[in-house]
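Subject: Structure for you to look at

Dear colleague,

Here is the structure I promised to pass on to you, and below it I have written down what was found in it. Please keep the model open beside this email while you read.

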Amino acid sequence: MSSAVANPSAPAGVPSEVHEAFEWLRSERIESLNLIVEEYRHRVTGAAHYHLATDNPENVFLVGLRTVPEDSTGVAHVLEHTVLCGSEHYPVRDPFFMMIRRSLNTFMNAFTSSDWTAYPFASQNRKDFNNLMDVYLDAVFFARLHELDFAQEGHRLEFAEADNPESELLFKGVVFNEMKGAMSSAVNTLWQTLTRYLFPTTTYHYNSGGDPEHIPDLSYAALKEFYRTHYHPSNAVFMTYGDIPAAQHQARMHDKALQHFDRLDVDISVPDEKRYHAPVRIEESYAFDEKTEAVNKTHVVMGWLLGNTTNLKEQLEAYLLEGVLLDDSASPLRHALETSELGSAPSPLCGLEASNREMSFVCGLEGSSAENADALETLVLGVLQEVADRGIPKERVEAVLHQLELSQREISGDGYPYGLQLILSGLSCAIHRGDPMALLNLDPVLEELRSSIQDPDYIRTLVRERLLENLHRVRLTMVPDKKLSERRKLAEKSRLAKLKAALDEQEKQTIAQQAEALLERQKQLDDPDILPKVGLEDVPAEMHIAAGDTVSISGRPASFYAQGTNGLIYQQLVVDLAHVEGELLDTLPYYTHNLAQLGCAGRDYLETQALQSSVSGGVHASSTLRSAVDDVQTLRGHFVLSGKALVRNHAALSQLMFETFESPRFDELGRIRELLAQQRAQREQSVTGNGHGLAMLAASSGLAAGAALAHRLRGLAGIQYLKRLDDSLADKARVGELAERFAQLHDLVRSAPRQFLLIAEAERQAQARQEMEQVWSQAGQVTEAFSRFSPVPVHGQVRDAWVTNTEVNFCAKAYATVPVEHPDAAPLAVLAGFLRNGYLHRAVREQGGAYGGGASHDSDNAVFRFYSYRDPRLQDTLDDFDRAIAWLLEEKHDWRLVEEAILGVVASLDKPGSPAGEAKDAFYNSLYGRTPEQRQRTRKRVLGVTLEDLQRVGASYLRPERASIAVITSPAAEAACADIGLEVKHL
């Protein structure tokens, strides 16, 4: 490897080593994040490298490229997929998915944004980290871009019967089907349409993911040319995070990739948008395929184009403006939208979009009608004018700055790794050649804003200049069209028919030959040893589990976890869930959703929301249900009230949580009605994004009590119930009845046994406990007679087809298995990865064209599930699930496949979370019998799984005649579903 230049006498902040191929530009310590940001530039290519140096062993790597499409063919998106299909040093067909199996990564993915593409990964194991960097660098800078991979991942023409040129001609491709699914979402369509008008001349005018009507226009030659100009180190930004020094990263980056390139004289950038001289008002349609009437299904939104994201102060002022206007229900614009009779709920687009080169601010309503568009515009402009005339109380502005400070300090990482979240927060700025260091270090700008808000005219001026006097404004009205999907299908069929009619015999044979060649390529078994790997010998002996102490607060049990929370305290009240059933049980998720969003302690909800924003990072209620470790039909449930705050605000948080629990305002009937309408809109929109999860819940619902409840409360059956409930609330008397059920549930909760969870830095424990004692000592008494939640056991098969607004399918099959403490639970968990890696990925994704497919074992509910995601097929995919079982039992298999599946399970078990997240994970696992000892025992069993174990449990539990089935599909597939014996249900 090339060498680093040592600099032992470097002053504070200057790296002790700088790689000879890189020039160090500057370093800055960010106290609030406890890290140092270092900026470097590769001397030859000019590639930028930002390193976030910290003592976190979960190291993160990302290479981002400026990708600026000039049409909606999805060239950047298709390229992102195709780049990961083999490279110069790793000439295998599928290195990305193969490496997922041969790795202990905590994150691996690739993203296509509107004007950049990024390839990130994270790992706690240094050998694994270096393996992944080698593969990623080779994939990005030395991709093979095989034409058959373009056909598989992007689009292709294929006959319905691949070898029969007389059969129907079809468009196929993973991205083609993915984007059909994505654009089935009304919200995605709304956003793409709005940006088309907000950005009439720049790259944001186009759908970077690809419009299904335009994806087939992308040529293989255009893909390769886009790669040549965009995937070059001179157009790249490298970002790393963790405890590996920058010089070590740079040695690998230079030796494996950068030394092979000269500087490319290319400036890929996005120009400023040409501004409108008058507002634009547009009406367009979106596909609405539900059986219900398309009444009050219109979206009306208003969008403004703001300033440049690389101007940090301007960006923070835009966030301040967003917070002041929309942060919570006490914010004037959100309050106007929530209480307006012009629509059912604020638009999900409400807020600031700051990842593009120029920011945009959006607000509006969903559940409206086209004739309300003028009134909505008048309402919004009227609120803005009132703010410009009268201003905003200073304490409300200070609350927004408090939220910005809290988000800056909080160490997250329960979804994406924390280091990746920090990198992504600075990436867009770096891509647009701004200063990501300044964006990561918000404290100086926050101080400047604190000074600015002392001027009462400051917010008024921002509203006036950025919004009221800003003529680059678009009002978009999106009306539902029940015939649009059918017209699109007919247009696609007509296009394909014309293409087929124009084909000569040779061209027909070429299409058939390509399909045959692709199938052969998909069947090809590459030599996996071309790729680097980690093995079971690299796995740590035990998983890390946060440890807590048992203490007492106000005479109640409490668990304290000492974690490095960077000046935040997390508090939870955990209450045993009493036995409820019938409509009271159905009401539970709406009671918890509403509780902390209502008034309390004599305040109305507006005052309470304002108080929450000023002293906390949010207060919310939820419920959790989980089975026993040895019996999935036995459940325990808990009500949870959660809050978090900066240390200085913990006493105020404790008081607020106490008041929320002791004296909620269930008499705020108008507020309850608004919240239900908003919750309905959110749940309905979740289907196309989480269809596979909802389908798996539905398929599992006849097999275990917990799965049945999950389907009933938060699954498809829950969405169906919520729609009926929301419709019934048109009768105001029914709102009162709902509030009475809330009060009934709350009385049960207040009188049930309770305990506390407290998470903070060790030195904060005494103070935090004292602050809680002062408040919770006033709490009401627990009843002597308490009946613990006990659901009815369920045993039965499900065969359901759920019909909704989608152009693709989500398929699931489920089998009853065993709970987590049973010895077979470990091989079943490994079997899921084994089937996904060895069979399902190839059959469902590569050959079937679905965006995703696989299997998982839910040990909480003792259910093994197969699934597909954004899938053009239905019956064939269900058949593939059965063929996967036959493949397991009838074929010979290498130990390598078993080891890879074990590694996948261990990586998921060992994946780190945020400091608070790890404490919560440990607490709730122990609460439900998943003690550290039990979890370590399960992990040890996973490490000992054999191929014989997999075949044994497959034969024992996965019998196709016992399968439960659930699919989510379109109205066009109703007859096909009925033909295969599925009960059709309309969502």
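Which residues of helix 16 (residues 457-468) are buried? Please bear in mind throughout that this is a predicted model. In helix 16, the buried residues are Y458, I459, L462, V463, R466, L467 and L468.

Turning to the protein as a whole, you will find 34 helices and 30 strands in it. For 987 residues, a compact globule would have a radius of gyration near 30 Å, and the protein, with 28 Å, agrees with that. Along the principal axes, its C-alpha atoms fill a box of roughly 80 × 65 × 65 Å. Of the 987 residues, 61% count as buried, and the protein exposes about 36800 Å², of which carbon and sulfur atoms supply 48%. If you take the contacts between residues at least 6 apart in sequence, 81% of them join residues at least 24 apart.

The aromatic rings come next. A search of the whole structure finds 36 aromatic pairs. One of them is formed by Y590 and Y721, which are stacked, with 6.2 Å from centre to centre and 25 degrees between the planes. Because Y590 lies in helix 19 (residues 582-595) and Y721 in helix 25 (residues 716-728), this pair ties together parts that are 131 residues apart in sequence. Y590 and Y721 are both buried.

Another pair is made by Y591 and F666, whose ring centres are 6.4 Å apart and whose planes stand at 45 degrees, so this pair is tilted. It links distant parts of the chain, since Y591 belongs to helix 19 whereas F666 sits in the loop between helix 21 (650-662) and helix 22 (669-685), 75 residues apart. Both Y591 and F666 are buried.

Finally, please look for one aromatic cluster, which is formed by F61, F96, F97, F121, F129, Y136, F141, F142, F238 and F261.

Terms used
Residues are numbered from 1 along each chain as its sequence is written. This is a predicted model: local features need pLDDT of at least 70, side-chain atom pairs count only at pLDDT 80 or more; totals for chains, interfaces and linings use all residues. Side-chain values use heavy atoms; hydrogens and water are left out. Rings of Phe, Tyr and Trp (its six-membered ring) pair if their centres lie within 6.5 Å; planes under 30 degrees apart count as stacked, over 60 as edge-to-face and the rest as tilted. Helices (H or I, at least four residues) and strands (E, at least two) are DSSP runs, numbered from the N terminus. Buried means under 20% relative accessible area, exposed over 50%, partly exposed in between (1.4 Å probe, protein chains only). The radius of gyration is taken over C-alpha atoms; the globule rule is 2.2 Å times the number of residues to the power 0.38. Contact means heavy atoms within 4.5 Å. Accessible areas come from the Shrake-Rupley method with a 1.4 Å probe; for residues, only the protein chains shown count as cover.
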